[in-house]
Amino acid sequence: MNSLPKLLMIAGGALLVIGFLMQFIKLGRLPGDIVIKKENATFYFPVVTCIIISVLLSLVSFIIGKFR
């Protein structure tokens, strides 16, 4: 039961760092993202952004799994 608080603290710290970095790194509006603009509405679907985030999270998960 000792590992759960440690895991929550690491996850919280990681979210804090990611949130801080997202203020300075523009990840959205990459080439390949779908933007549909109509008269009164704009639809934005970040396809490439989602793929990049997925690859990065998979890499981090793989690296963490290697050290366990």
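User: Before we start, what does buried mean here, in terms of relative accessible area?
Analyst: Buried means under 20% relative accessible area, exposed means over 50%, and partly exposed is in between. Keep in mind that this is a predicted model.

User: OK, then is Thr 49 buried or exposed?
Analyst: Thr 49 is buried, because its relative accessible area is 8% and the cut-off for buried is under 20%.

User: Where does Thr 49 sit?
Analyst: In helix H2, which covers residues 47-66.

User: And which side chain does the Thr 49 side chain make a polar contact with?
Analyst: With the side chain of Asp 33, at 3.0 Å.

User: Tell me about Asp 33, then. Where is its place?
Analyst: Asp 33 is in the loop between H1 and E1. Asp 33 counts as buried too, since its relative accessibility comes out at 12% and anything under 20% qualifies.

User: What about Asp 33 and Tyr 44, how long is the polar contact between those side chains?
Analyst: That one is 2.9 Å. So the Asp 33 side chain has a polar contact with Tyr 44 and another with Thr 49, both of them within the 3.5 Å limit for a polar contact.

User: Which strand is Tyr 44 in?
Analyst: Strand E2, residues 42-45. Tyr 44 counts as partly exposed because its relative accessibility is 28%, which falls between the 20% and 50% limits.

User: Switching to the surface. Which residues form the nonpolar patch?
Analyst: The patch is made of Ile 51, Ile 52, Val 55, Leu 56, Leu 59, Phe 62, Ile 63 and Phe 67. Together they have about 820 Å² of accessible area.

User: Take Leu 56 from that list. Where does Leu 56 lie?
Analyst: In helix H2, the helix that also holds Thr 49. Leu 56 is partly exposed, because its relative accessible area is 48% and exposed would need over 50%.

User: And Lys 38, is that one buried or exposed?
Analyst: Exposed, because its relative accessibility is 63% and the cut-off is over 50%. Lys 38 is in the loop between E1 and E2. Its C-alpha atom is separated from that of Met 9 by 44 Å, and the two residues are 29 apart along the chain.

User: Let's zoom out. How many helices and strands does the protein have?
Analyst: Two helices and two strands, in the order α-β-β-α along the sequence.

User: What share of the 68 residues is buried?
Analyst: Buried residues make up 4%. The accessible surface comes to about 6,500 Å², and carbon and sulfur atoms account for 73% of that.

User: Why does pLDDT matter when reading coordinates?
Analyst: Where pLDDT is low, the predicted coordinates should not be read in detail.

Methods
Residues are numbered from 1 along each chain as its sequence is written. This is a predicted model: local features need pLDDT of at least 70, side-chain atom pairs count only at pLDDT 80 or more; totals for chains, interfaces and linings use all residues. Side-chain values use heavy atoms; hydrogens and water are left out. Helices (H or I, at least four residues) and strands (E, at least two) are DSSP runs, numbered from the N terminus. Buried means under 20% relative accessible area, exposed over 50%, partly exposed in between (1.4 Å probe, protein chains only). A polar contact is a pair of N or O atoms within 3.5 Å; within protein, one must be able to donate a hydrogen and the other to accept it, and residues adjacent in sequence count only if both atoms are side-chain atoms. Patches are made of residues with over 30% relative accessible area and no salt bridge: like charges are joined within 9 Å, nonpolar side chains (Val, Leu, Ile, Met, Phe, Trp, Tyr) within 5 Å. Accessible areas come from the Shrake-Rupley method with a 1.4 Å probe; for residues, only the protein chains shown count as cover. A salt bridge is a side-chain nitrogen of Lys or Arg within 4 Å of a carboxyl oxygen of Asp or Glu.
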